Structures are given as structure tokens and as C-alpha cells.
Amino acid sequence: MDIFNDAYSLVVGTIVPFIFVLTIVVFFHELGHFAVARWCNIKVEAFSVGLGRELFGRTDKQGTRWKVCLVPLGGYVKFAGDSNAASMPNHERIAQMSDEERKTAFIAKPVWQRAAVVAAGPIANFILAIVIFASMFVFLGKQGLMPVVEEVLPGRAAERGGIQAGDVVLEIDGHRIQTFGELRQIVLMNPNTPLVFEVDRDGKPVSLTVTPDAREKEVFLGERQIAGDIGLRGSNDPKNLVNIKFGPGEAVAEGVRETYRIIDGTVSYLWGIITQRQSADQLGGPIRVAQISGQVADHGLLPLISLAAILSVSIGLINLAPIPILDGGHLVFFALEALRGKPLSDRIQDVGFRIGLGLILMLMVFVTWQDIMRLVTTAS
């Protein structure tokens, strides 16, 4: 009986929330490609959510096959003239097209239109995040404690940087801080990185530079990992509790800021890995995303939708990486084509795509191994 209960808990508590979140993000990513392709009069042959064998689908009046596939770990839009989901051209097929058909092929379009179609996927991910955050700010506002410093722990980064009890944090590295949670989020993402704090001290502005220490901390749903820490505590006084209301325009602006904060934090973290200031232990793959989805789903639908916004930003950023086979790699090829006045040879593109595929597979193996080791460590 326990086996059935465990299986039910795994499916309903983890797999279903994971598929729900990932499907939303992937659908809007591919919808960005699709919408701009239609605007550029490019024939879309297939719109797939998921990879592998088709589970179900339908073909619309324009001849596009809309389908859901077996493996819920991605998706693609396939254009006329493409040989595969990575939009590599099928020259043999293109040669067999009529002049009218060739006009709607992806490869026949000007380089700026092809670049616009490719860039539209990540941009759609960022727009989705902004819309989700803005909607939450309009209907729910933003709740939290004011960033008032209650206590500065002796010998820690905050004290070394000059922060004092009673200070109110206004900005960190130019980012406006409205709640203590925002302060904590920025600090966690920036161990060993100097941060410029703008604080209000007795009504006077003071600028301070604080470098968070790298410490093992609880950062998300009970999980502990190396993150930034400056050694201060905020005030829990109920009078410091704020519920910030937003009009539609303000909510959109705040949604943009929230999305930018995630982008900035993610890029800073990845750069920290490259420069060896950060550990790669925070990287996670599908197993980790599924685990987090299940944990967040326990807190309700709104936190799960908020997770979808965060994941949407992450997927948008990943796809902009200049790696062949990803959207960013295509954009690099298009930029080189625009500079040269002609596309790169098929051989160079083919080699590039093979290298890109190898890099992606290596990354997937690495993050999956990280996920498995994290599960083993937690279980022990």
C-alpha cells in the first residue's frame, strides 16, 4: 500500500506540477517564435510542446500541426524548409519547392527577419514573466517587512562595511529595495561580491560597500547551500510590515524590475562560476526543477505560477547563450551572415551544431548528476 501511496505522491505532488510549470514556459517560448514567423509570412509546419513521439495533436487551416509529445522537456517550432527542429536547412527539399512555396521558407527570408523569429522565443519568456509578476502586483500587491536593520552581528560583513542598527536600506547596486526579502535575495546571490548599499541613517543618505561572505545557508524551502551572508537581522516589528499597492502601469514597471533582478542575479551567478568566485552547486536540471515544483505546489497555485515566471526568465536566458543549436547560437550565425554578406557554409554550421549539441548534452549530464548527488545527500 505504501508503494501505491508513494507513487501517487510522486505523480500528483511532483510530476504534475513540474509538467504544468514547464508546459506554460515552453508553450510561450515557442509561441514567440510562431507569432513572429507568421508575421514574416513564414510557413510553420509544426508547433510542438514536448519532444519525441506525438501523443495527440491537430492540424490548423494554415497546415500547422499543433501537437503534444511524450517527453515534456522542451518543444520546437518547425518551419518550411527546415530539416529538423533546430532549423537546419534542408537544401534538397528546398530545391524541390515551387517558387511560391520557397517564398515562405525560413531560409529564404532576409537575415533580420530570421533573427527576429529566433529572438522572439526568449523575448516571449521575459514578457511572460513580466505579465505574471505585474498581474500579481496588481491583484495582490507586494507584502513584506521594511528593510530596517535591527541588529548587526559582530565581526561579519555588514559590520565591516559600516552598516549600523537602525539603518534603512534604500538601494543595493542601484536596485531599489522595498522589502527585507529583496535585500536578502540580492545578498544570497552575491557571495564574495562587493555591493554598494545606499542607506538612510537618521534621515541622511549614506553610501557603503559591503562584500557578503560565502556561507552555507538555508536558501530555498529548507535546502542549504553556499550563498552570500552579511550578518544582519531585520526588524520583525509589525509596524514595519508593508503592503505595497500598484496601479496597472506601476505593476508593469515593477514586473520589469523584478524580471531584471532575476536576470541580473542569474548572470552574476554564472559569471561568478566562470571566475571561480561561486560554486556550481546551485545549478540544477530537470530533476531539481521537478522537485522544486512539487515543493512549491504544496503552498498553492499562486506560488507555482510565480515559479513559472522565474523559470521562464531562466529558460529565456539559457536560450540566449551563444551556443549553436540554441537561439543565441542562431543569432551569432545570423550576425556573422550580416557582416559577411552571405551565410556561413553548411559544413561550418553543421560542425557548429554538433559542437553545440555536445555541449548541451555535457551540461545535461552535469546538472543531472548534481541533482542525483543532491538527492543522495538529502536522503542520507
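Analyst: Here are a few labels, each set against its definition. This is a predicted model, where local features need pLDDT of at least 70, side-chain atom pairs count only at pLDDT 80 or more, and totals for chains, interfaces and linings use all residues. Residues are numbered from 1 along each chain as its sequence is written, and side-chain values use heavy atoms, with hydrogens and water left out.

User: Why is Leu-55 called partly exposed?

Analyst: Buried means under 20% relative accessible area, exposed means over 50%, and partly exposed is in between (1.4 Å probe, protein chains only). Leu-55 has 44%, so partly exposed is the label. Its place is in strand 1.

User: And what makes Ala-116 partly exposed?

Analyst: Its relative accessible area is 26%, so Ala-116 also lands between those cut-offs. You'll find Ala-116 in helix 4 (residues 111–140); helices are DSSP runs of H or I with at least four residues, strands are runs of E with at least two, and both are numbered from the N terminus.

User: How do you know that strand 5 and strand 6 pair?

Analyst: Two strands pair if DSSP finds at least two bridges between them. Two bridges join strand 5 (residues 168–172) to strand 6, so they count as paired, and they run antiparallel. Ile-172 stands opposite His-175 in strand 6.

User: Which strands make up the open sheet, and in what order?

Analyst: Four strands, in the order 6-5-7-8, with antiparallel pairing.

User: What makes strand 6 and strand 8 the edge strands?

Analyst: Strand 6 (175–176) and strand 8 (204–210) each pair on one side only.
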